[in-house]
Amino acid sequence: MEPMKAAVAATAGLATAGAGLEVRNLDVGYGPLGEVLRGLSLTVAPGQIVTLLGPNGAGKTTLMRAVMGLLGLHDGEVRRGEILLDGVDCTSAESSQIVRRGIGLVPEGRQVFPTLSVEDNLRSGAHTRRGNRAEVEATFESMLERFPVLADRRRQAAGLLSGGEQQMVAMARALMAKPRLLLMDEPSLGLAPRIVEQIRDVIVEVRAEGTSVLLVEQNAALALEIADYGYVMETGRIVLDGPAKELLANTEIREFYLGQTGGERRNYRDVKHYRRRKRWLS
Ligand code: ATP
């Protein structure tokens, strides 16, 4: 049995078993342009938090669009490779099918519906669960408990909320679908440390409930602290991967992503590209 299928089978008896994701040799391009993902392979085992790190423009959001079946909206396409969800090929599936398979997205930049109330934003997340009114109500109530600030703002237009509150709306909306795998695209971006801590706590809770998480983050310290496994990508390719604990201890990661070089703070963007690639690929 393939490792992914074995892992799925191992968790099949759990009511809240997380979904497994396997991306194999994926090439993705937009319009007539060359590929922005090139031979990308990545695995999220059921129930794991996996983080994907990488500089701006590396292709992280493109990967999320590919998994969610959203490339077509952006004039993009998978040109080679496969995306498997729980061992089933979903490479060319529609986004509605992907959502029905239990995959949720917290998109980059929150993308709340600004004129809809907080409540309606949350309820929109449950559109695939229409047959289960009582269960949807229970999930809705649990979201108001998990995010008390949203209970207070329930009837306000989501567009009037602060960035941190909008991020809570985006997370709660995705969780309303009861996803078995949650994709999160830079949930902490631009938010105050207190809010970032809350977001981290929510991610850890979500995983404790059995949901698998693929977390794209610029905040590598946060991501590697809570993740089981991590990938680093540059210009459409994975250049480094390993258990999160190992990546946290990795000198290059400490230098370029955590800004720790023997006490001297330094941004990874300042370091010449060739030097990073040479070291990571050697
Ligand atoms: P960031 O951290 O800045 O969000 P990213 O790692 O998520 O970056 P992507 O947004 O996936 O990177 O972009 C990868 C590459 O694809 C970039 O060069 C970007 O300009 C290009 N790209 C993204 N969307 C499109 C599009 N709709 N049409 C053409 N090129 C695109």
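**Ligand shell, charge-ring contacts and sheet**

User: On what basis is the model read, and how many residues of the shell are charged?

Analyst: This is a predicted model, in which local features need pLDDT of at least 70 and side-chain atom pairs pLDDT 80 or more, while totals for chains, interfaces and linings use all residues. Residues are numbered from 1 along each chain as its sequence is written, and side-chain values use heavy atoms, without hydrogens and water. Around the ligand stand 16 residues, with Gly57, Lys60, Thr61, Thr62 and Glu108 coming nearest. Five shell residues are nonpolar and seven polar, and the number counted as charged (Asp, Glu, Lys and Arg) is four.

User: How far is the side chain of Glu108 from an oxygen atom of the ligand?

Analyst: Polar contacts here are pairs of N or O atoms within 3.5 Å. A polar side-chain atom of Thr61 lies 2.8 Å from a ligand oxygen, and one of Glu186 lies 3.2 Å from a ligand oxygen. For an N or O atom in the side chain of Glu108, the distance to a ligand oxygen is 2.7 Å.

User: Over which ring does the charged end of Arg123 sit?

Analyst: A charge sits over a ring if NZ of Lys or CZ of Arg is within 6 Å of the ring centre and within 35 degrees of the ring normal. Arg173 lies over the face of Phe113, 5.2 Å from the ring centre. At 4.1 Å from the ring centre, the charged end of Arg123 sits over Phe140.

User: Why is one side of E2 left without a neighbour in the sheet, and which strand is its single partner?

Analyst: Strands pair if DSSP finds at least two bridges between them. Four antiparallel strands form an open sheet in the order E2-E1-E4-E5. E2 and E5 (88-89) stand at the edges with a single partner strand each, so one side of each has no neighbour in the sheet. Six bridges, including Val23 with Leu42, join E2 (residues 35-44) to its antiparallel partner E1.

Notes:
A residue is near a molecule or strand if one of its heavy atoms lies within 4 Å of it. A polar contact is a pair of N or O atoms within 3.5 Å; within protein, one must be able to donate a hydrogen and the other to accept it, and residues adjacent in sequence count only if both atoms are side-chain atoms. Helices (H or I, at least four residues) and strands (E, at least two) are DSSP runs, numbered from the N terminus.
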